[in-house]
Amino acid sequence: MSFDALVQAVLDGVLTGGIYALMAAGLTLIFGVMDIINIAQGAMVITGAYLSFWLQTKFAIDPFLGLLITIPAMFVLGVVFEYGFLRRVGDRDRTSMSILMSYAFAIILEGLLTLGFGTDFDSISAPYVNSSVHILNFYVPDIDIFGFLLALASMGAIYAVLYRTKFGAGLRAALQNRTAADLIGVDVNRTRTIAVGIAVAVSAGGGMIYGATTPFYPDSGYDLISRLLAIVILGGLGSIIGAMASAMILLVIADIVAVAWEPTWSILVFYAVIILVLLFRPQGLFGQRAVRAQ
Amino acid sequence: VSAAAGTDPAAGAGRPQSGARRGWLVAAVALAIAIAFPLLDGSDEGTMSIAFYVLIFMAAVSAWNIFSGYSGYLALGHAIFFGVGAYMLAIAAVDWNVTPGWTTLELLPLCGVAAAVIAVPVGLIALRTRRHVFVVLTIAVFFIFQTLATNLSSLTGGTAGKSPPFNDWSYPAYNVRFYYVALALVVPTVLLSWLVRRSRFGLQLMAIRDDEDRARGLGVKTMPVKLAAFVLSAIPVGIAGGIYCYFLGGIQPAGSGSAFDPLFDIALALMGFLGGIGTIAGPLLGALVIEALTEKFTQLFSNAGWYLIIDGVLFVIVVAFLPRGIVPSATDRVRAWRVKRAASAGAGVAEVAP
């Protein structure tokens, strides 16, 4: 493996890492708010990709411009998910049952996408998808740069909402102590619904970039969810900054494995990380607390 | 057996003796119907293949229930054992050049052994954790096996998959024979589940389900008990995978209906929860309802989207409204009705509701 190939792998890893962090943001947010591992996150990202794909092929709307439509649409999907599904889970075995509930939601989404778009691979195309910037000996696709910037902007927005607004303060209060938050006048149920809506809305951007860089089909959610789980578990469940850092670390390692060995094996990096982290450091790199018992 | 086993809420209502007798009667009638079924409708290939799949899932869910139902650990990776069993049969049949037909089916015990051998390290790793961490670990390990089956192409045939030598049984005998082979797996699996349930080992598992720390405090060696149940539950699933592979005539590593299909993992949980986990009859009922429905829908609609949606909606209904499952809910109903009847007849309530 040459030095140039290594640098290229690191460069790609950092940029795609940002995009993966954007896709994983919803997963880590929902865990933070609801204490639920959202298995449907992969399917939601793919739903976002299909929404952009549909707008573009049907109405010739540019994928980035289309976000103005897909982000609100995904917000509605998130509200439906929280109100219609997650809230219906009873208190008995809540953690396990909510994993099953989100799995069920993923299957329904996959079914709807299969009905609407069939099972062939699709991809989002735009002028900047196939062009790239040439710096020294390295090529950087334009779409990766745009995606990285979109990821930074989105993550910054989430961070600002969580830590600089009254809603964010209420959300964090509801997370720390539900009863106390209730007492000081935070509408916990409404806060949770909106938070899940925001988490899913963020997946619209991640899905659009994913769809522009990778061919996808309704089943792709399964492929994604294991990577996203690895990212949020390593980063510490519930931590936005942790997700950003661990996504870059993991994607760089995966890219190096792909270059030095074979692309088909790079996915094993993610699975191995899930297992090792859960066994030896369940709170992840940036999590302050252990994964809470329900 | 102590009276406690017979009066357990999920085992059957009523007096211990009559409840147990009624259980045996129901089991005998169900088995008789299962044996006679091909005589009624054996020539219809569509119906017989649905019946075959139902039996495969009955065996797999009953086996899954021995671990997840009794111990309360939600395993979402039993497709690992299904896939390992399926590949074991295909690889062994090809490499050893086994004569097609019944001789190939003699490899099935080997599929169970392979599943057990794999289950030991998987269990040793995953069972160190609990609750949703355990669930996520089983999912991750499942995807590792799917990747290995795809990538180790010299062993597994890669994405094209692996096919055992062609089995030239003629139709409709083909489906009927496989039906009885699957039935021959269901019966011992259900017996095993029943034996575990009424044994000391089963009580230890259920103590872990109710409160693992307290069970440990009371002297249950939790890790060996959990691991034994995990390995035990893997064996019938591996054999089911072997039968499934030979029925289809080949197996692929990933995708719908493949050896390592995430929908298989989730189907076991759905069937178990619908029927009622931790019971004997629940998994059988759940497999019958869900698998018969989904197979019928796959035959009716060419678009796979419909059966995914129906599966998902059923799952939502089960989790939201029937988390305990049909069998325990129905048992409670019957019991409440008996108590009421006994009370109105002036009989001692204590006798029926200990």
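**Notebook: helix packing and the A–B interface**

I looked for salt bridges between chain A and chain B and counted 0. I note here that the model is predicted.

**Entry 1. The interface between the chains**

I next looked up how many residues take part. On chain A, 40 residues are in contact with 40 residues of chain B. The size of an interface is often given as the accessible area lost when the parts come together. For chain A and chain B I wrote down about 3,700 Å² buried between them. Carbon and sulfur atoms account for 82% of that area. Which three residues supply more of the area that chain A buries against chain B than any other three? They are L100(A), I107(A) and L115(A), and they supply 16% of it.

**Entry 2. A helix pair across the interface**

Two packed helices are described by the angle between their axes and the distance between the axes. The crossing is left-handed. From α11(A) the contact includes I267(A), L268(A) and Y271(A), and from α7(B) it includes V133(B), F143(B) and T147(B). I sorted the contact of α11(A) with α7(B) by class and got 14 nonpolar residues, 1 polar residue and no charged ones.

**Entry 3. α11(A) again, now with α9(A)**

I stayed with α11(A) and turned to a helix of its own chain. It packs with α9(A] at an angle of about 40°, with the axes 9 Å apart. The two helices α9(A) and α11(A) are therefore oblique to each other. Their crossing is left-handed. Among the residues of α9(A) that meet α11(A) are D223(A), R227(A) and I233(A); on the α11(A) side, F270(A) and V277(A) are included. The contact of α9(A) with α11(A) divides into 11 nonpolar, 1 polar and 2 charged residues.

**Entry 4. α9(A) with α2(A)**

I then followed α9(A), residues 220–235, to helix α2 of chain A, residues 41–59. The angle is about 125° and the axes are 7 Å apart. α2(A) and α9(A) are therefore oblique to each other. Is the crossing of α2(A) and α9(A) left-handed or right-handed? It is right-handed. α2(A) makes the contact through Q41(A), G42(A), A43(A), V45(A) and I46(A). α9(A) makes it through S220(A), G221(A), L224(A), I225(A) and L228(A).

Conventions:
Residues are numbered from 1 along each chain as its sequence is written. Chains are lettered from A and ligands numbered from 1 in the order in which they are written. This is a predicted model: local features need pLDDT of at least 70, side-chain atom pairs count only at pLDDT 80 or more; totals for chains, interfaces and linings use all residues. Side-chain values use heavy atoms; hydrogens and water are left out. Axes are lines fitted to C-alpha atoms, for helices over the stretch in contact, and angles run from 0 to 180 degrees between N-to-C directions. Helices (H or I, at least four residues) and strands (E, at least two) are DSSP runs, numbered from the N terminus. Angles under 35 degrees count as roughly parallel, over 145 as roughly antiparallel, 65 to 115 as roughly perpendicular and the rest as oblique. A crossing is left-handed if the near helix is turned anticlockwise from the far one by less than a right angle, and right-handed if clockwise. Contact means heavy atoms within 4.5 Å. Buried area is the accessible area (1.4 Å probe) that two parts lose on being put together, summed over both. A salt bridge is a side-chain nitrogen of Lys or Arg within 4 Å of a carboxyl oxygen of Asp or Glu. Ala, Val, Leu, Ile, Met, Phe, Trp, Tyr, Cys and Pro count as nonpolar, Asp, Glu, Lys and Arg as charged, and the others, Gly among them, as polar.
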